Amino acid sequence: MKHKIELLAPGGDVDAIKAAIIAGADAVYCGLDTFNARNRASNISFDELVGVIRLAHQYECQIFLTLNIVILEREFTTLAKLLSKLVNTTLDGVIVQDIGMFNLIKHHFPTLDIHASTQMTTHNAGQIGFLKKLGASRVNFSRELNLREITALNAVCVEHNVLSEVFVHGSLCVAFSGLCYSTSASVGNSGNRGRCSQACREEYETTESGHNFPLNIKDNSAFFDLPALIEAGVHSFKIEGRIKGASYVHTVVDSFRKQIDGFMKTGQLLEDGERLYKVFNRDFSNAFLRGDLNQSMFIDNPRDNTKNHALAKIADSKTTTANDNNLISVVQIQEVEESLYQEKNEINDLVKDKIQYLSIDKLPLTLSFSGEAGSPLTLTVITNTAFTVQPITVDVPSTAKHFVLHSTSLLTQSEHNAIDRETLEKRFRTLATAEYELKDVDLCHLSSGLSIPFSELTQLKTAAAQLLNDSKPLIPEVKLPPLARHPKDPINTIAALSILISDQSDTYLTDVTEADIYFKLPDAYKRDCTKYIDFLKANPRLIPWFPAVLIGKDYDVAINILEQVLPPLIVTNNTGIAYRANQLGIKWIAGPFLNTTNSYALMAMQEEFDCSGAFISNELNQQQMKNIARPANFKLFYSIYHPILLMTSRQCFFQQSVGCEKPRIDNGCMLSCDKSTSITNLKGVSFAIDKQKAGYPSIYNNDQFLNIQVINDLSDLFDGFMIDLTNIGAGDKVSPDKVELIRQFEQLLAGEQTVEAKLSTMVTDSTVSQYHTGL
């Protein structure tokens, strides 16, 4: 092996972080109570973070902070204050989703190491170049990738000097991370803001194939795939679980630590993984990693599977007879439950005992002043180690500091402006920080009635602060300058209509409207596919629209289309395509699935990649959009009519809903399957499952999005409004006449208010709730 393997552990609260450190994690990722994608975790305070960093570093463990949500415009002032504090700690990295936050950190806080979150949905080579240019030093790959795809991406990471992370254990989302809007659309709890309500774990009405939890998949575990991931070049093995407790974290981290160390020492996998079944799990699958997407990935139990696993082992161990049929008795079930209860208590007690000596308390700080008339004022600064450490094999250095400082000027006898306890405590109280607690100000050896210029006290305080900060100067707080709000193009003040189509038969619409028409390219292609090259060349009015997910050969084909057609303008929901378009000098617009929610994201895409415009996220409400400042020579767009995508998956939604004769997904499924069905939750709400040919299986809201209000509310903000005429996600609804729909929207944008009623009758079952709820 030529590279270091990092074991990266979750830390949802202080005890879990301690458990991860003591179990042998090389790094821990955790979140504060703001700006992180696990609102349901306990999370930690800033002062606790500082203590956690100190504790972790004593055990040669790094700490990464999760700032992995999309950011609203009004939050950047608060965010800048937080980042200004973080740069004066020894934090090892920040995990980021929002493109605007990348921009902010890169330009204003360059000492912070940036890691791209799994919410970035990183799955192709172009995205790695995109994230590197934004400032990322490492990327977390999408959990849906297989070993071959991971190996290929790692080679690209090496080219760009970027490290890679792969999730090796913990909960799996059935949807692509960052592209799930299921609870955002239904109850306003956005996964892009850390408030996912886990609709995929919900119970639904029994499906045609006999399942009640049709979206619930098993937990991920690559416990026996570590050699292959090492061979693939993965740098960091990441464990999911910031909502889990200390016992879970310790058990999983300790198991992986032993497995990794054993393999590195002997070349063999020595652990059997049984301990992983002793803590919360939904059973395990490595099907994504193996590229074998089959029905066994799903499980009709979103809750703890530990008891079922233990009972299954008993059943497997019994001798099957004609009369026995491996039935488990009530007594055996009770015995298993009691045994598991006891084992979990033992695990809890063990972990509690191991971490009880680990403290993140502030270091006690003592300031001792001494001197007499005619001598310098002497300041002795003493910090003590605030905790004792349980004896382990790691040598833990002392955190104690002891240093002496002297004033430049001499003390003089004076009854006026004499320095006393109140003066010194007031002047030096800022040395009490998140790291230090000022315990005592000792004046026993300082004569009374002495004076010294206050500037000398300030110099002593500054010198002491720098020494307490390991001799590094404190970085001042960054004050963000106000952003200029540039107006729309004064020539084209009326917002233009644009149309999205996906069927080649709809190209006749170019003859009935002057509107821009985007053509949505597929998610998947046959290898060396050229038909879209010829099609787009034959229809130059069509503006290519690239989807959010393009993996492996599908990305290669999409890039070939871009390179061969060389269109003057594209819309892309995939940053890998944006990266290549920028290299080719092609103008591009950021699509709605890039989750653009703030001005800093617009600036980042314009400054770094010459982006010419962007769709603002439909998750925002009116006020949140109104706060956004347009960059100069930049266009803003908004989709006013479209099916509401809830989630997109690499897995098949039909296996658990209507059933499928194929036991597993193969390459032909993506290209040929065009099924559709629906599932209904226990509240009686139905959701359409739609699979277009060459598209990923997706789930849509029953209501379509229709926002007529925004045209009047924000006509001064947007240059264009889009309507989606792809029919994707419509389920069994009858689609309105497309030509008539275009005419109605054109009249609406021209100021004809009377068409609103007509549109409402043409578009049945519509909603505008996201526009009012927001993020």
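1. The charged end of Lys 238 sits over the ring of Tyr 29, at 4.4 Å from the ring centre. Lys 85 has its charged end over the ring of Phe 46, 4.1 Å from the centre. A charge sits over a ring if NZ of Lys or CZ of Arg is within 6 Å of the ring centre and within 35 degrees of the ring normal.

2. On the basis of these notes: this is a predicted model, in which local features need pLDDT of at least 70 and side-chain atom pairs count only at pLDDT 80 or more, while totals for chains, interfaces and linings use all residues. Residues are numbered from 1 along each chain as its sequence is written, and side-chain values use heavy atoms, with hydrogens and water left out.

3. The structure holds 19 aromatic pairs. Rings of Phe, Tyr and Trp (its six-membered ring) pair if their centres lie within 6.5 Å; planes under 30 degrees apart count as stacked, over 60 as edge-to-face and the rest as tilted. One of the pairs is formed by Tyr 277 and Phe 284, edge-to-face, with 4.9 Å from centre to centre and 65° between the planes. Both Tyr 277 and Phe 284 are buried, where buried means under 20% relative accessible area, exposed over 50% and partly exposed in between (1.4 Å probe, protein chains only).

4. Phe 369 and Phe 428 also pair: their ring centres are 5.1 Å apart and their planes stand at 65°, so the pair is edge-to-face. Because Phe 369 belongs to strand 11 (residues 363–371) and Phe 428 to helix 13 (residues 421–428), the pair ties together parts that are 59 residues apart in sequence. Helices (H or I, at least four residues) and strands (E, at least two) are DSSP runs, numbered from the N terminus. Phe 369 and Phe 428 are both buried. Elsewhere, ring pairs link Tyr 518, Trp 545, Phe 615 and Phe 637 into a cluster.

5. How many salt bridges does the structure hold? There are 32 salt bridges, each being a side-chain nitrogen of Lys or Arg within 4 Å of a carboxyl oxygen of Asp or Glu. In the one between Glu 75 and Arg 193, the closest N and O atoms are 2.7 Å apart. Glu 75 lies in the loop between strand 3 (62–67) and helix 3, and Arg 193 in the loop between helix 7 (182–187) and strand 8 (219–221), so this pair ties together parts that are 118 residues apart in sequence. Glu 75 counts as buried at 11% relative accessibility, and Arg 193 is buried with a relative accessible area of 9%.

6. A salt bridge also joins the side chains of Arg 138 and Glu 165 (2.8 Å, N to O). Arg 138 is in strand 6 (residues 136–140) and Glu 165 in strand 7 (residues 163–170), so the pair ties together parts that are 27 residues apart in sequence. Both Arg 138 and Glu 165 are buried. Glu 240 and Lys 244 meet in a salt bridge at 3.8 Å, N to O, and both Glu 240 and Lys 244 are buried. Lys 4, Asp 26, Arg 257 and Asp 261 are linked in a network of salt bridges.

7. Two backbone angles deserve mention. Asn 161 has a positive phi of about 55° although it is not a glycine; this residue is in the loop between helix 6 (147–160) and strand 7, and at 62% relative accessibility Asn 161 counts as exposed. Asp 470, likewise a residue other than glycine, has a positive phi near 55°. Asp 470 is placed in the loop between helix 14 and strand 17 (496–501) and, at 46% relative accessibility, counts as partly exposed.

8. The second largest pocket holds about 950 Å³ of space. On a 1 Å grid over the protein atoms alone, a pocket is an open set of points with protein on both sides within 12 Å along at least five of seven lines, a cavity is a set of points where a 1.4 Å probe fits but cannot get out, and lining residues have an atom within 4 Å of a point. Its lining has 34 residues, with Asn 88, Thr 433, Glu 435, Asn 469 and Leu 474 nearest the centre. Helix 2 gives the largest share of that lining, six residues.

How values were computed
Grid points are joined across faces, edges and corners, and a volume is the space filled by probe spheres set on the points.
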